[in-house]
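Reader: Before I trust any labels, could you walk me through how they were assigned?

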Amino acid sequence: MGDFSDYSALIDKYISGDLSEKDRIEFERELAGKADLQKMVEDTQLIKIGITAIEREKMLESVRKASIEFKSKRETKSRKLNFRSLSIAASLLILISISFTIYYTSQRSSYLSGFMPYTGYEALASRGETKSDTAPLNVLDNAWSLYNSGKFQESLQTISSVTPPEIFDAEFSFLKGLCLIEEKEYKAAIPYFESAASNPRFRYNDDAFMYLGLTYLQIGEKEKGKAVLEQIENPSEEVKKVLDKID
């Protein structure tokens, strides 16, 4: 196992979303080639989720105790005071729920955070028949180049600038979906992944199913996400781990 003892602070900033765009891209490139480092990130994410759950339980226990104390005293207090105390307890519970929701959604930890920007693209061979035939492929290659450089918004703009031939529709849809999840436009990405996954001849079909399933999980559609991931013929170890973690 590699020596990653100096990576703790970096991993913590990465998970919390506190790295600059440049540092995040550099870290994710390094992460993509190091299974041990990926495991550290995953373990750190699980620890943070566990700590969050413990802290939430502590807060809720405080509310439970306050509620018990309120019940024991309510017969000795006036109706007006009782109503005020109940309102305070209710407000506290609402505040805790809101705070927990805000904290949880602010974390970078998610079903997609453990999966690096896609790196499996290989340029399609041009048929070289006419200029109109090769133009969409040139756009596709340019868009992938931007994507691989971390310029996700520019890649999306490029790939959206042309209407692809039907034969390449899955290729274009897949890249659009990837760009959108990098921009955290998860719901918008789903139709594009569905389009790519529905084409059994698409060369990255399993990858399309994987990202579709993960995106469903990301937006809270656990049953749909699980059903999609289970359709992958040869799931990776990472996908198997995600399936094991789904409640």
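Author: Let's start with a helix pair: α7 and α8 cross in a left-handed way. Left-handed is the label if the near helix is turned anticlockwise from the far one by less than a right angle, and clockwise makes it right-handed. This is a predicted model, where local features need pLDDT of at least 70, side-chain atom pairs count only at pLDDT 80 or more, and totals for chains, interfaces and linings use all residues. Residues are numbered from 1 along each chain as its sequence is written, and side-chain values use heavy atoms, leaving out hydrogens and water.

Reader: Why are α7 and α8 called roughly antiparallel to each other?

Author: Helix α7 (residues 169–182) packs against α8 (residues 186–197) at about 155 degrees, with the axes 8 Å apart. Angles over 145 degrees count as roughly antiparallel (under 35 is roughly parallel, 65 to 115 roughly perpendicular, the rest oblique), so α7 and α8 get that label.

Reader: What makes Lys 184 count as exposed?

Author: Its relative accessibility is 52%. Exposed means over 50%, buried under 20%, and partly exposed in between, with a 1.4 Å probe and protein chains only; Lys 184 therefore counts as exposed. Lys 184 sits in the loop between α7 and α8, and its phi is near 60 degrees, a positive value in a residue other than glycine.

Reader: Which residues have the most contacts inside the largest nonpolar core?

Author: Trp 144, Phe 174, Leu 178 and Tyr 211, in a core of 42 residues. Such a core joins buried Ala, Val, Leu, Ile, Met, Phe, Trp, Tyr and Cys residues through side-chain atoms within 4.5 Å.

Notes: Axes are lines fitted to C-alpha atoms, for helices over the stretch in contact, and angles run from 0 to 180 degrees between N-to-C directions. Helices (H or I, at least four residues) and strands (E, at least two) are DSSP runs, numbered from the N terminus.
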